[in-house]
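Work through the two exercises below with the structure at hand. Each task is followed by a solution in steps.

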Amino acid sequence: MSDPAVRLSGLRKSFGAVHAVTGVDLDIADGEFFAMLGPSGSGKTTVLRMIAGFETPTSGTVELGGADVTRLAPFERDVNTVFQDYALFPHMSVLDNVEYGLRVKRVPRAERRERALAALASVRLEGYERRRPGQLSGGQRQRVALARALVNRPRVLLLDEPLGALDLKLREEMQVELKSIQREVGITFLFVTHDQEEALTMSDRVAVFNEGRVEQVGTPAEIYERPSSAFVAGFVGTSNLISGEAAQAVLGKEGTFSVRPEKLRVTGLGEPVDGAEHSATGTVSEVVYAGPATRFVVELDAGGRLIALQQNLQVSSMDVMSLRGTRVRLVWHRRHEFAIVS
Amino acid sequence: MNTTANTTPPGPPPPAAPGAAPRGAAAPAPGGPRRRLAAFLHRHAPLRLSLLLSAPMLWLGVAYLGALAAMFISALWRTDTFTGDLVRELTWANFQELLTAEVYRTIALRSVGVAAAVTLIDLVVAFPMAFAMAKLASPRAQRWLVIAVLTPLWASYLVKAYAWRVLLSADGLLGWGYGLTATIITLSYLWLPYMILPIYAGLERLPNSLLEAAGDLGARGWRTFRTVVWPLTFPAVVAGSIFTFSLSLGDYITVKIVGGRSQLIGNVVYDNIGAANNLPFAAAVATVPVLIMLAYLAAVRRTGALENL
Ligand SMILES: Nc1ncnc2c1ncn2[C@@H]1O[C@H](COP(=O)(O)OP(=O)(O)O)[C@@H](O)[C@H]1O
Ligand SMILES: [Mg+2]
C-alpha cells in the first residue's frame, strides 16, 4: 500500500490559553477530494495552516507522501493553498499571478507561459491575462487563485472555504466546476467548509470537526445516515433525537436515537404499522411549506419532538396547511433509526 | 456647537424640498431653523463638503501657498548695496548669482548629498524595524513599539541635537568629532520616526495572507520582499523619504551644533536673513530645496510605482 497523501498524527495547536486543535489523526489518500467540515472556530483553518506550514504544531506530526514535514517551511512543502481571501498579488496581472510559482521554481519562460495559459483555460479565464485582480469579480478572482495554485501541480491542494465569499448561485456552479477540475487533474483536494451541504455534495470523504478534534470521518452517506455522535447528527442535517423516556416508550430501548426527517412518514392515527417499522403518535405544531416538500414539526405524546419532511407529490399548500394542530402518526423503518453515542 | 452654522452667510431661508410642502397635516412639523439648515445641508452634499473644508482650504490657500508665492516674488527683488534697503524691482540677479557662484553650487550639492544619505540610512534602519513592528510583534507589543518610536518626538529638537554633540565630541562617548558625518548621523537619528511610521502604516495595510501566498508558492524571504512587500509598500517608502529628505534639506540648526564648519543650504538662508540682511537672496536660496523636492516627486511619479495601488 502506498503512503497517504497527507497523514496527521496526534496534531495539536494551542495559541496561549486557546486550544485551537486538540488531537487530530487523519489519513487522506492520494487523489481524494476530502472535506473538513465543522462550525466556525472548530480548528479547521488551523489544521490546514499546519499542513501548509504557516503554523507549527504544538505537538504531533504532519506527513506528506510519507515524509515528515512538520518542521519544514511553506516553500519546502509540495502543497499549494487557495486562500479564503484569495490573496492575489494586487500589483501583478492575472498572468503574472499564475506564473509566480513557476517563476520561483525557474521554469523556462516558454514552458511557464504555456502552463499558465493552460491553467487559466482550465478555470475558463482565457482573455483575462492582462487584467489586474482588482478588475475582476469575486468568482473570477476565486478562479485565478485556483489556477495560481494548480499550475504548480502540487501533491495536495489546500482550499480554505474557497466558495465562502461567493453568492449562492455562483457557489453552486463552482462546486460542480471544482469537482470536475479535481477529477481532471487528479490532485488531492483538501477542502475546508462550514457548509454541510457543500461537504456532502462535493467530497469523497468528510471529517466532521468539533472543538478542535475530529468527531467522525466517513463518506458523505456514512456521515449523514450513520452519524456517530449527537453533534454530527445535529450539524449534518436535522438531528431528530429520541431519548430518555420517549425512547423507552416508543422504541422500548435505553439510549439516544436519531431518525432523519425524510425517513419519517406522516400518516393518520389508524394506519397499520408494519412489523419492521416503528411509530409514534403526536400533534402537528408547525407546518412549513417549501415548494417541493413540506416540513412538519410533531410534538410526540411520549415527549420530545420530531421533524418530518414529506415530498409534495400530490398535495398543495392548502392541503398541508390544514394539517396544523391535527393528531398524526409518524412511521419509519427500523433500519433508519440509529443509536447515538453521547 | 455646529460650526457650519456660523460660516453660512445670512440669506433667504432654504427652499423646501419639492413635493415636501403640500398636505401639511400628514407631514411632521418642521423643526427649528438649525434643524432645517441641517436638513438642507444634508440634501446638498457638495455644499456641505465645501463648508467643512473652508477653514483648511483658507489656511492652505492664504497661509501656505500665499507664503510660498510671496517667497518667490521676494526672491526677484534685491537690496540696495549701500543702504541695505529693500528694492522692489523684479530682477533675476539673485538667481544668476546662485547659479554662477561656485560656492553655492557646492553647498547645494552637499545639502542634497546629506539629505540623500540621511534618507538612505533611515530607510535601511526603518524598514526592518517597521516590519518587525507590523508583522512580527504581538498586538500588545505593537502598541508599545509605536509609543517607543514616537517618544523621541516629544523631546526638544535642541536637546537631542546637543545630546549628539556631547556623544560625538572628541572626548565624548563616541568621540568621532564634528563635521558632515556627524551631521548625517544626527539628522538620521532625528528624522528616523518620520520614516518608520509611514512604512509601518504601509506594512499594516499589507495583508499577511499575501506574504503567506508567496511562501506557499515557493518564494523565500528575500524574493517575497523583492516581489511582494517592496512593490506594495513603495508608496509608503516614498512618503517617508519625502519627510526625511525635505527635513534634512531645510535643516540649519543641527549642522550648526555638530557640523563643525560645514555649511548647508539652510545656513546660507539663515545667514542672509540675519547677518547679511539680504532677504531677497535668502528667498532665492530657499527656493532651491523647493525645486529639488518638486524634481524628486516628479522623478518618483515617472517610475509609475505610485500607480501600482
Ligand atoms: N493566530 C491565532 N491566535 C489566537 N487564536 C487563534 C489563532 N488562530 C486561530 N485561533 C483560535 O483557534 C480557534 C480555531 O480557529 P480556526 O482554526 O480558525 O477555526 P475554523 O477555521 O474552524 O473556523 C478559534 O477559537 C480561534 O479564535
Ligand atoms: Mg476558518
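Two strands count as paired if DSSP finds at least two bridges between them. The model used here is predicted.

**Exercise 1. A sheet in chain A**

Give the strand order of the open sheet in chain A, and state which strands stand at its edges.

Solution.

Step 1. The open sheet of chain A is built from six strands, and reading across gives β6-β7-β8-β3-β9-β10 with mixed pairing.

Step 2. β6 (79-82) and β10 (213-218) of chain A each have a single partner strand, so one side of each lacks a neighbour in the sheet and these two are the edges. From one strand to the next, the twist averages 20°.

Step 3. Take one pair as an example: β7 (residues 156-160) and β8 (residues 188-193) of chain A run parallel and are joined over five bridges. In β8(A), A:Phe189 is the bridge partner of A:Leu157.

Step 4. Helix α4 (residues 138-150) of chain A packs on the sheet, where it touches β6, β7 and β8 of chain A. The direction of this helix makes about 175° with that of β6(A).

**Exercise 2. A helix in chain B**

Which residues of helix α4 (residues 93-100) of chain B are buried, and why do they line one face of the helix?

Solution.

Step 1. Buried means under 20% relative accessible area. In α4(B) the buried residues are B:Asn94, B:Phe95 and B:Leu98.

Step 2. Viewed down the axis of α4(B), the buried residues fall within an arc of 95°, so they line one face.

Step 3. An α-helix has 3.6 residues a turn, so residues three or four places apart point the same way.

Step 4. B:Gln96 and B:Thr100 are exposed on the other side of α4(B). The cover over the buried residues includes α5 (102-136) and α13 (279-303) of chain B.

Key: Residues numbered from 1 in each chain as written. Chains lettered and ligands numbered in written order. Predicted model: local features only at pLDDT ≥ 70, side-chain atom pairs only at ≥ 80, totals over all residues. Heavy atoms only, no water. Helix = DSSP H or I, 4+ residues; strand = E, 2+ residues; numbered from the N terminus. Axes fitted to C-alpha atoms, helices over the stretch in contact; angles between N-to-C directions. Contact = heavy atoms within 4.5 Å. Buried < 20%, exposed > 50% of the residue type's maximum accessible area, 1.4 Å probe, protein only. Arc of directions from axis to C-beta.
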